[in-house]
Amino acid sequence: MNRLCRLLNIELPVIAGGMVWCSGWRLASAVSNNGGLGLIGAGSMHPDTLRYHIEQCAQATNKTWGVNIPLMYPQLDEIMDIVISSKVPVVVTSAGSPKLWTDKLHKAGSKVLHVVSSAKFAKKSEEAGVDAVIAEGFEAGGHNGREETTTLCLIPQVVNAVNIPVVAAGGIALGRSIAAVMALGADGVQIGTRFALSEESSASEAFKEYCRNSGEGTTMLTLKKVSPTRLLDNEFSRSVIAEEANGASKEQLQEMMGKGRAKMGIFEGQINEGMLEIGQAVSHINKSETVADIMQDLQLTYEAVVKRLSPRLRPM
């Protein structure tokens, strides 16, 4: 058992990303029940909705689970009060500084992980007292760091910068990918896209099917003047790319996005007009899978890679 598994009391060093409109209690509890760490994605939930999902998840699993909270959430204090009073075992924070909340969450008994996109922010997170960092390369779906550093480059830099466990994220969907980032020094992985398209994900079937039928090179990092966001090719993303090429301002892009655009695409299945946030790893996924299928495949293919490489790993 590696140190991430010991820290979180999980069997496999696999975290399911807390994704907006995908990561409800069903997905979170299924991942935890199959040996990983499932996360509820608070970013797309009103406080009462989050409270419901926390209650349901606690009933659906006796394993470790958690909540992902973007620190730019408009009702952050209320959300944190719910998480603290509910004694959520693990809290993953993102999109902001963890300094304000980490100590409060620790006092409530929660383990705290923070998502970073650079070694610089990994160091700051360690100084803030987090238990581990999730280093996310720009292959990831949804909101990304402005540095546009790939996972392959990011993980060694973060591993060298901090002493706490490092979780690799961004473009990871296969057992082979897990073996690769473990070789780079990661203690575990966070997987988003493959779980977003699982049967237990709360995303619409139209979104899942559209993603499974997409191929290589169909995602693009867009909206860099607002908040860099990786989107799958559709009518809306093409219009954004065209407006960016024409020099659209931040305000003009925000007006294009409006409100509820991600919900429209991911949760409601309006494929042409919605924001389809998904990672580059979408090209690996072409069939419907349960969480149990995914976790078994990740473990078996990881072990096969390790077995295949072991005889070859000798001094250069």
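A salt bridge here is a side-chain nitrogen of Lys or Arg within 4 Å of a carboxyl oxygen of Asp or Glu. This is a predicted model, in which local features need pLDDT of at least 70 and side-chain atom pairs count only at pLDDT 80 or more, while totals for chains, interfaces and linings use all residues. Residues are numbered from 1 along each chain as its sequence is written, and side-chain values use heavy atoms, with hydrogens and water left out.

**View 1. Asp187 meets Arg3 in a salt bridge.** The N to O distance is 3.0 Å. Asp187 sits in the loop between α8 (175–183) and β9 (188–191), and Arg3 in helix α1 (residues 3–8), so this pair links distant parts of the chain, 184 residues apart (helices are DSSP runs of H or I, at least four residues, and strands are runs of E, at least two, numbered from the N terminus). Asp187 is buried at 11% relative accessibility, whereas Arg3 is partly exposed at 33% (buried means under 20% relative accessible area, exposed over 50%, partly exposed in between, with a 1.4 Å probe and protein chains only).

**View 2. Asp48 pairs with Arg51 within helix α3 (residues 47–60).** Their closest N and O atoms are 2.9 Å apart. Three residues, about one turn of the helix, separate the two. Asp48 is exposed at 56%, and Arg51 is partly exposed at 34%.

**View 3. Arg194 and Asp297 join two helices.** Their salt bridge spans 3.0 Å, N to O. Arg194 belongs to helix α9 (residues 193–196) and Asp297 to helix α14 (residues 291–309), so the pair ties together parts 103 residues apart in sequence. Arg194 is buried, at 6%, while Asp297 is partly exposed, at 28%. Together with Glu289, these residues form a network of salt bridges.
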